[in-house]
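Thanks, everyone. Please look at the screen for a moment before I start.

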Amino acid sequence: MCQEKDMDNRYRRDHQMPYYTDESVIKEQLALKKIIREYNTVMPFDPERGMQLLDLTGMQHGKGVYFEPPFHCEYGSHITVGENFYANVGCVMLDVAKITIGSNVMFGPNVSIYTAGHPIHPDSRNSGYEYGIPVTIGDNVWIGGNCVILPGVNVGNDVVIGAGSVVTKDIPDRVCAAGNPCRVIREITEEDRPYYYKKRRFDDEVWEKIK
């Protein structure tokens, strides 16, 4: 049990407790917003400076990570990304709580990850208290354009989320899922491997490089 003096709003935020956005929280957010604003200005014209700025956010990431501008997050330091990550334009990560993303992950345009939330009852919501619950995305995941992933969701490995989905519950490994709310459509199997789009097969030249 922490002492009362330790229960400031940043502590509460980082421990999935209801917290209030006071001056100390806003100070962290404003420092990050300056960095992200510059990132969105220099990328992709000065990638070296862009990666320096990404490091300044405190984001933990592997090699080959790229956010197509504009990109927005709340803190940056609450995000961990593996290798070979690509987010298309308009990615939003409300990283009030931890966002953990594996390797070989792709986002289509306008993908949003929300760890932030507010109480349902209007009296509680009007108090100004909010919360953050972590989101986890596994390895080898493709999330289609205009998807929204809500607080507390875990997306498994080798998953495809169809465009426009609203992901409200956990998604298991190796499936295609889509819809609002997002539901599993089918498993991904070895029979899918030789196709690049529906029933269109890779040509021989490309297939030799893949198989």
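I'll take the core, then the pocket, then some backbone details.

Some ground rules. This is a predicted model, where local features need pLDDT of at least 70, side-chain atom pairs count only at pLDDT 80 or more, and totals for chains, interfaces and linings use all residues. Residues are numbered from 1 along each chain as its sequence is written, and side-chain values use heavy atoms, with hydrogens and water left out.

Core first. In soluble globular proteins, nonpolar side chains tend to be buried together. By nonpolar core I mean a set of buried Ala, Val, Leu, Ile, Met, Phe, Trp, Tyr and Cys residues joined through side-chain atoms within 4.5 Å. Buried is under 20% relative accessible area, exposed is over 50%, and partly exposed is in between, with a 1.4 Å probe and protein chains only. The largest core has 41 residues. Which of them touch the most other members? Phe-67, Phe-85, Met-93, Ile-101, Phe-107 and Ile-137. Helix H2, residues 23-42, gives the largest share of this core, five residues. Helices (H or I, at least four residues) and strands (E, at least two) are DSSP runs, numbered from the N terminus. Another core, of five residues, lies apart from it; Tyr-19, Val-25, Tyr-75 and Ala-116 are among them.

Now the pocket. On a 1 Å grid over the protein atoms alone, a pocket is an open set of points where a 1.4 Å probe fits, with protein on both sides within 12 Å along at least five of seven lines; lining residues have an atom within 4 Å of a point. Of the 29 lining residues, Trp-142, Val-160, Ile-188, Asp-192 and Tyr-195 are the closest to the centre. Strand S21 gives the largest share of the lining, three residues.

Last, the backbone. Most residues other than glycine have a negative phi, and most peptide bonds are trans. Met-43 and Pro-44 are joined by a cis peptide bond, omega about 0°. Pro-44 is in the loop between H2 and helix H3 (47-56). Asn-110 is not a glycine, yet its phi is positive, about 60°. Its loop runs between S9 and strand S10 (112-114). Asn-110 counts as partly exposed because its relative accessibility is 37%.
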